[in-house]
Amino acid sequence: MDLKASLGVSASGLRAQSLRMRVIAENLANQDSVANTAGGDPYRRRVASFSAEVDRATGATGVKIKSIEKDRSDFTRVYQPGHPAADGEGYVLKPNVNSLVETADMKAAQRSYEANLNAIEAAKSLTMRTIDLLK
């Protein structure tokens, strides 16, 4: 694989993991957001999904952002009868965001991002060594 292809693969990974971290940050920021109206749905967790994509110019397989989908898991019900978002039974629906899951996902995305940065740095270093040998 040549330099351009390896940099392209790593760059696609950086874009994908950057988007994933933004989605996770949005989930964490909204983990306490409840509905604006009584009995309404609160913030619903979002998840980024990816797919493989072949770059026709280089023949390398990179990462493509497939979609950002809403997580269909159930909301948590908390009994708070005086809350403005409470339904007729006094329950408030809380977002389906689990901070432990989001933190673990964020750590995985961060490590993947760092791995792509290290791959770019290694490709750059090898290219510089090759140039030095040719001098």
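Mentor: Gladly, and let us begin with accessibility: buried means under 20% relative accessible area, exposed means over 50%, and partly exposed is in between, with a 1.4 Å probe and protein chains only. Keep in mind that this is a predicted model, where local features need pLDDT of at least 70, side-chain atom pairs count only at pLDDT 80 or more, and totals for chains, interfaces and linings use all residues. Residues are numbered from 1 along each chain as its sequence is written, and side-chain values use heavy atoms, with hydrogens and water left out.

Trainee: Then why is Tyr79 called exposed?

Mentor: Its relative accessible area is 52%, and the cut-off for exposed is over 50%, so Tyr79 counts as exposed.

Trainee: And what makes Tyr91 partly exposed?

Mentor: Tyr91 has 29% relative accessibility, so it falls in the partly exposed class.

Trainee: How many aromatic pairs does a search of the whole structure find?

Mentor: The search finds one. Rings of Phe, Tyr and Trp (its six-membered ring) pair if their centres lie within 6.5 Å; planes under 30 degrees apart count as stacked, over 60 as edge-to-face and the rest as tilted. The ring centres of Tyr79 and Tyr91 are 5.3 Å apart and the planes stand at 65 degrees, so this pair is edge-to-face.

Trainee: Which parts does the pair tie together?

Mentor: Tyr79 belongs to strand β3 (residues 76–79) and Tyr91 to strand β4 (residues 91–94), so the pair ties together parts that are twelve residues apart in sequence. Helices (H or I, at least four residues) and strands (E, at least two) are DSSP runs, numbered from the N terminus.

Trainee: How do you know that Arg77 lies over the face of Tyr91?

Mentor: A charge sits over a ring if NZ of Lys or CZ of Arg is within 6 Å of the ring centre and within 35 degrees of the ring normal. Arg77 lies over the face of Tyr91 at 4.1 Å from the ring centre. Arg77 is found in strand β3, and at 44% relative accessibility it is partly exposed.

Trainee: What else is Arg77 in contact with, leaving aside its neighbours within four places in sequence?

Mentor: Contact means heavy atoms within 4.5 Å. With those neighbours set aside, Arg77 is in contact with Asp87, Glu89, Tyr91, Val92 and Leu93.

Trainee: What makes the meeting of the Arg77 and Glu89 side chains a polar contact?

Mentor: A polar contact is a pair of N or O atoms within 3.5 Å; within protein, one must be able to donate a hydrogen and the other to accept it, and residues adjacent in sequence count only if both atoms are side-chain atoms. The side chains of Arg77 and Glu89 make such a contact at 3.2 Å.

Trainee: Where is Asp87 placed, and what does it touch, not counting residues up to four places away in sequence?

Mentor: Asp87 sits in the loop between β3 and β4, and on that count it touches Gly39 and Arg77. Asp87 and Gly39 are 48 residues apart in sequence, yet their C-alpha atoms are 4.2 Å apart. With a relative accessible area of 29%, Asp87 is partly exposed.

Trainee: Is Glu102 buried or exposed?

Mentor: Its relative accessibility is 0%, so Glu102 counts as buried. Glu102 is in helix α2 (residues 99–134), and its side chain makes a polar contact with that of Asn27 at 3.3 Å. Beyond neighbours within four places in sequence, its contacts are Ile24, Asn27, Leu28, Arg45 and Val97.

Trainee: Which residues lie nearest the centre of the largest pocket?

Mentor: Gly8, Ser12, Arg15, Glu53 and Gly62 do, out of 16 lining residues. On a 1 Å grid over the protein atoms alone, a pocket is an open set of points where a 1.4 Å probe fits, with protein on both sides within 12 Å along at least five of seven lines, and lining residues have an atom within 4 Å of a point. Helix α1 gives the most to this lining, with seven residues, while α1 (3–29), β1 (46–54) and β2 (61–70) each supply at least two.
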